[in-house]
There are 2 protein chains.
Amino acid sequence: MCNTCGCGLNNISEDHISTGKTVQLTQDILGQNDRLAGTNRRIFDSMGVVTVNLVSSPGAGKTTLLERTIRDLKNNIPIGVIEGDQQTDRDAERIRATGVPAYQIKTMDACHLDAHMVKHALENFQMDTLELLFIENVGNLICPSAFDLGEDHRVIILSITEGEDKALKYPGIFLSSQLVILNKIDLLNVLNFDLDECISYINRVNPGVEILCVSAETGEGMSKWYNWLKQKIDNKRRKK
Amino acid sequence: MCNTCGCGLNNISEDHISTGKTVQLTQDILGQNDRLAGTNRRIFDSMGVVTVNLVSSPGAGKTTLLERTIRDLKNNIPIGVIEGDQQTDRDAERIRATGVPAYQIKTMDACHLDAHMVKHALENFQMDTLELLFIENVGNLICPSAFDLGEDHRVIILSITEGEDKALKYPGIFLSSQLVILNKIDLLNVLNFDLDECISYINRVNPGVEILCVSAETGEGMSKWYNWLKQKIDNKRRKK
């Protein structure tokens, strides 16, 4: 569309050169990320640790979900947590208050976690003592979708306060997730929200993907999430 | 931190070279964006159009806020809307249903609008007939903050369902905004949300920034937002 755009560049080909460079660099970065994700995956497999990458919009309730999950499961399952945020240690502090080890990655300008950051974060855990590692990604429905961290499972949390249509608007991250958790279901009666419509949109993007309705605040529906996690841990134990 | 990381790269310097390339390319892209944003700004100024860039998390209620704003103001102020989403025309369709012109930019892989996209979107409007142009950015609290679109004002919408601490976690976008709208205030009584704490965090990041509490759903507080807009339009009229 630039041929007739008169968009103020001194030399219109600058834009095309830059785009070409961007594509090549994106491929380089993603290729390098995939190699490091493979390294992470080999570590998780050799240690028998199930790793779950939690993605969502900002404020969908990832940390609250983790707090309750850890309090309910930590006596039977050794858990660790890697937290990702642009700034602050707040989430890692909240997780450490539950009594499990947590490491905060501050991404600063970066809008997602990548495999390299996770690789270094692992140095802060005694991996051979863990069975379950959560990685709470930066709140962002776009950028994290392209970056494999080496996780076993990607789980997307969608707060029902965000509206029905997020799967249609951000299809990449819904398509790359193996489980969708609809959170804040305790607010269903006070919101103008159509649950069936939301589920039909998710299925349109990722047909047959498992969907759980929960409230991390009240605990409603959380047992189904725990069963999902326990099944993944059992599967990995059997493979080991 | 890479000197001792053993992170699986064939040649560890690859990572540094790539980072150097990334920094250079980021500077190129932002420099080019700023030039085009300047072009857009000259267009807005010469046409006397006040331009407002709306940023937020996904599902914070930007489109609902626009729908009500347009219905309440369109008889006195000629309005246009540029919509940004990774996929779908849904938001532009919702806006067109209010009776004003709207153009949808589908950003596909891109996580933000940039000045080049906006420049081309402008070709779809009769700019000399408008007084107010809204640009609804992609739902993302990180990436849009670096990209000047040539707008007069950047306004961040934060849904109170997202929790108190978003300003601390995503300081860049709060610091670069001239107005914070706290939306979904009608849910204050059913949420475990501390409004004073949220406001103190916003002030810590951007001291003295104007903050309005509204419900785009019920209309509560919207008149303050309309007064804010009218004042900006009056200021531009006087300058013209």
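Student: Which is the crossing of H2(B) and H8(B), left-handed or right-handed?

Tutor: The crossing of H2(B) and H8(B) is right-handed (a crossing is left-handed if the near helix is turned anticlockwise from the far one by less than a right angle, and right-handed if clockwise). Before we go on, this is a predicted model, where local features need pLDDT of at least 70 and side-chain atom pairs pLDDT 80 or more, while totals for chains, interfaces and linings use all residues. Residues are numbered from 1 along each chain as its sequence is written, chains are lettered from A and ligands numbered from 1 in the order in which they are written, and side-chain values use heavy atoms, without hydrogens and water.

Student: At what angle do H2(B) and H8(B) pack, and how far apart are their axes?

Tutor: In general, two packed helices are described by the angle between their axes and the distance between those axes. Here helix H2 (residues 62-73) of chain B meets H8(B) at an angle of about 70 degrees, and their axes are 11 Å apart. That makes H2(B) roughly perpendicular to H8(B) (under 35 degrees is roughly parallel, over 145 roughly antiparallel, 65 to 115 roughly perpendicular, the rest oblique). Axes are lines fitted to C-alpha atoms, for helices over the stretch in contact, and angles run from 0 to 180 degrees between N-to-C directions. Helices (H or I, at least four residues) and strands (E, at least two) are DSSP runs, numbered from the N terminus.

Student: Which residues meet there?

Tutor: From H2(B) come Leu65(B), Arg68(B), Thr69(B), Asp72(B) and Leu73(B); from H8(B), Met222(B), Trp225(B), Tyr226(B), Leu229(B) and Lys230(B). Contact means heavy atoms within 4.5 Å.

Student: In what order do the strands of the chain B sheet run?

Tutor: This open sheet has 7 strands in the order E3-E2-E4-E1-E5-E6-E7, with parallel pairing (two strands pair if DSSP finds at least two bridges between them). Strand E3 (102-106) and strand E7 (210-213) of chain B are at the edges with a single partner strand each, so one side of each has no neighbour in the sheet. From one strand to the next, the twist averages 20 degrees.

Student: How many bridges join E6 and E7 of chain B, and what packs on the sheet?

Tutor: Strand E6 (residues 179-183) of chain B and E7(B) pair in the parallel sense over 4 bridges, and Val180(B) stands opposite Ile211(B) in E7(B). Helix H7 (residues 195-205) of chain B lies across strand E5 (153-159), E6 and E7 of chain B, at about 160 degrees to E6(B). H8(B) also packs on the sheet, touching strand E1 (50-56), strand E4 (132-136), E5, E6 and E7 of chain B, and its direction makes about 145 degrees with that of E1(B).

Student: How many aromatic pairs are there over all chains?

Tutor: You describe a pair of aromatic rings by the distance of the centres and the angle of the planes. Rings of Phe, Tyr and Trp (its six-membered ring) pair if their centres lie within 6.5 Å; planes under 30 degrees apart count as stacked, over 60 as edge-to-face and the rest as tilted. A search of the whole structure finds 4 such pairs over all chains. In one of them, the rings of Trp225(A) and Trp228(A) have centres 5.8 Å apart and planes at 20 degrees, so they are stacked.

Student: Are Trp225(B) and Trp228(B) buried or exposed?

Tutor: Both Trp225(B) and Trp228(B) are buried (under 20% relative accessible area, with exposed over 50% and partly exposed in between, using a 1.4 Å probe and protein chains only). In chain A, Phe134(A), Trp225(A) and Trp228(A) form one aromatic cluster.
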